[in-house]
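Dear colleague,

I am handing over the structure below, and I would be grateful if you could look through it with the notes that follow.

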Amino acid sequence: MSEISVGAPSPSSASSAPSASSSSARRLVRRLPVVGGIAAGSVLLLAGPAFAHVTVQPGTAPKGGFATVDIKVPNERDNASTVKVEVSLPTDHPLASVMPQPVPGWKVDITKSKLAKPLEMEGEKINEAPSKITWIAEDKGIAPGQFQQFPLSVGQLPSDTDQLVFKALQTYSDDQVVRWIEPAKPGGPEPENPAPVLKLTAAGAQGTGDASDGKNGARGDTAAAAPATSDTTARVLGVVGIVVGIAGVAFGVLAGRRRNT
């Protein structure tokens with residue numbers, strides 16, 4: 001009967017396992033920077049849209065009162081400046097009082113239109129109301145990578161709607177015009193060029209405007225910045241967490257393979 005010898009593995013077989021494990025580990029380590037790069041790109045994609053649109057800041061104000069808001073205009077281009085901003089005021093719910101705050105380096109023009117149905121404010125009937133505000137740069141305008149805020153005191157805010165839409169046109173120094181006029185549909189994706197919207201809350205609620213004072217609207221710049229900042233921060237931290245998790249799993253697999261060898 002022939003003998004079957006059971007002994008230590010041959011040198012070639014003994015060395016092949018660690019070699020294969022080391023090779024896999026090296027490939028895994030080389031892929032980590034790629035994964036990190038993809039995750040970092042995701043951070044930029046998630047955070048970018050929060051700063052790209054023309055918006056109303058703060059985004060809410062109480063119904064029936066007055067408020068001070070900013071039309072925030074960022075420059076999305078890297079080779080042209082923003083030289084004109086036109087904001088159309090809502091005609092379905094006209095505002096009897098719209099007063100712009102002077103902005104250095106910009107000339108402002110207010111267009112008024114006759115109302116089909118007169119408004120009544122403080123016992124007086126108003127037959128016309130502001131329908132458009134235009135800011136024109138007297139110098140270089142909004143340079144690439146910068147933004148400008150155009151403050152407005154508005155009122156009296158209506159009580160029979162939950163939002164006011166301020167459609168805006170942004171003109172660049174190369175004559176390109178970006179039309180921020182697309183309405184957002186409830187439950188649908190955000191439009192490519194959404195119109196700025198001011199949400200109206202219940203009268204007396206804690207909001208950014210001051211419903212009790214018809215002359216002075218609350219600025220609320222800090223309150224407005226907090227939700228946008230926290231939202232962006234949450235997105236960034238979420239993606240960073242994913243990156244850390246991927247790195248942890250990768251190193252765990254690597255350590256496990258080393259122990260097995």
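Two strands are taken to pair if DSSP finds at least two bridges between them. Please keep in mind throughout that this is a predicted model. On that basis, the sheet I would like to begin with is an open one of four strands, in the order 1-3-8-5 and with antiparallel pairing. Strand 1 (55–57) and strand 5 (97–100) each have a single partner strand and stand at the edges, so one side of each is left without a neighbour in the sheet. From one strand to the next, the twist averages 30°. Within this sheet, strand 3 and strand 8 are joined in the antiparallel sense over eight bridges, and the bridge partner that Val73 finds in strand 8 is Gln148.

As for the chain in general, its secondary structure comes to three helices and twelve strands, and 33% of its 261 residues are buried. Among contacts between residues at least 6 apart in sequence, 74% join residues at least 24 apart.

The largest nonpolar core has 31 residues, of which Ile71, Trp135, Phe150, Leu157 and Leu198 touch the most other members. Several strands each supply at least two residues of this core, including strand 4 (82–88), strand 7 and strand 10 (167–172), while strand 3 gives the most, with four residues.

Trp135, which is found in strand 7 (residues 124–137), is buried, with a relative accessible area of 1%. Leaving aside neighbours within four places in sequence, Trp135 is in contact with a set of residues that includes Ile71, Val83, Val85, Pro100, Trp106, Phe150 and Leu152. Val108, also one of the contacts of Trp135, lies 27 residues away along the chain, yet the two C-alpha atoms are separated by 4.5 Å. Phe150, for its part, touches Ile71, Val73, Val85, Trp106 and Trp135, among others, when residues up to four places away in sequence are not counted.

With best wishes

Definitions and conventions:
Residues numbered from 1 in each chain as written. Predicted model: local features only at pLDDT ≥ 70, side-chain atom pairs only at ≥ 80, totals over all residues. Heavy atoms only, no water. Buried < 20%, exposed > 50% of the residue type's maximum accessible area, 1.4 Å probe, protein only. Contact = heavy atoms within 4.5 Å. Core = buried A, V, L, I, M, F, W, Y, C linked by side-chain atoms within 4.5 Å. Axes fitted to C-alpha atoms, helices over the stretch in contact; angles between N-to-C directions.
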